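Open the viewer and get ready to click. This tour moves from one selection to the next, and each stop says what is there.

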Amino acid sequence: MNQNVVICRCQEITYGDVLNAIKDGALTVAGVKKRVGSGMGLCQGKYCEALVANIISEQTGIPLEEILPDTRRAPARPVDVTAFLED
């Protein structure tokens with residue numbers, strides 16, 4: 001695959017970026033995320049997490065079933081303090 005193919009559209013992370021993260025020691029989706037930022041955009045990994053897992057599997061030989069998904073967190077949004085005040 002071409003090194004310039006975009007894997008994470010939100011953060012514009014390329015296939016080459018993911019490969020470099022794996023060469024740097026990332027063996028999990030979270031490890032790649034920490035090194036290059038994939039999965040940190042608006043979709044929170046909805047589109048790229050499976051691609052990253054597949055790349056890790058093909059590059060390392062680790063079966064896809066053994067590659068853990070990234071942890072999920074509830075989305076956080078700023079809330080105006082007046083939302084907590086009683087009328």
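Select Arg 77 to begin. With 70% relative accessibility, Arg 77 counts as exposed, because exposed means over 50%. This residue sits in the segment after H3. Keep in mind that you are looking at a predicted model.

Along the chain, Arg 77 and Asp 24 are 53 residues apart. Draw a line between their C-alpha atoms: the separation is 33 Å.

**Into the core**

Next, go for the nonpolar side chains. In soluble globular proteins, such side chains tend to be buried together. Here, the largest nonpolar core has 17 residues. Select Ile 7, Val 18, Val 32, Val 52, Ile 55 and Ile 56, the ones with the most contacts inside this core. Which elements give two or more residues to the core? They are strand S1 (6-8), helix H1 (15-23), H2 and H3.

Zoom in on Val 52. Ignore residues up to four places away in sequence. What does Val 52 still touch? The list is Ile 7, Val 18, Val 29, Val 32 and Ser 38.

**The cavity**

Val 52 also takes you to the next stop, as one of the residues lining the largest cavity. How many cavities of 30 Å³ or more does a search of the whole structure find? The search finds 1. About 50 Å³ of space lies in the largest cavity.

Select the whole lining: Val 29, Lys 33, Ser 38, Gly 39, Gln 44, Gly 45, Cys 48, Glu 49, Val 52, Asp 70 and Arg 72. Now colour these residues by type. Switch to the cartoon view and pick out helix H2 (29-36) and helix H3 (49-60). Each of these helices supplies at least two residues of the lining.

**Last stop: Ser 57**

Stay with helix H3 and select Ser 57 there. Is Ser 57 buried or exposed? Ser 57 has a relative accessible area of 17%, so this residue is buried: the cut-off is under 20%.

Show the side chain of Ser 57. One of its polar atoms lies 2.7 Å from the backbone oxygen of Ile 62. Then show the surroundings, leaving aside neighbours within four places in sequence. Ser 57 is in contact with Ile 62, Pro 63, Leu 64 and Ile 67.

Conventions:
Residues are numbered from 1 along each chain as its sequence is written. This is a predicted model: local features need pLDDT of at least 70, side-chain atom pairs count only at pLDDT 80 or more; totals for chains, interfaces and linings use all residues. Side-chain values use heavy atoms; hydrogens and water are left out. On a 1 Å grid over the protein atoms alone, a cavity is a set of points where a 1.4 Å probe fits but cannot get out, and a pocket is an open set with protein on both sides within 12 Å along at least five of seven lines; lining residues have an atom within 4 Å of a point. Grid points are joined across faces, edges and corners, and a volume is the space filled by probe spheres set on the points. Helices (H or I, at least four residues) and strands (E, at least two) are DSSP runs, numbered from the N terminus. Buried means under 20% relative accessible area, exposed over 50%, partly exposed in between (1.4 Å probe, protein chains only). A nonpolar core is a set of buried Ala, Val, Leu, Ile, Met, Phe, Trp, Tyr and Cys residues joined through side-chain atoms within 4.5 Å. Contact means heavy atoms within 4.5 Å. A polar contact is a pair of N or O atoms within 3.5 Å; within protein, one must be able to donate a hydrogen and the other to accept it, and residues adjacent in sequence count only if both atoms are side-chain atoms.
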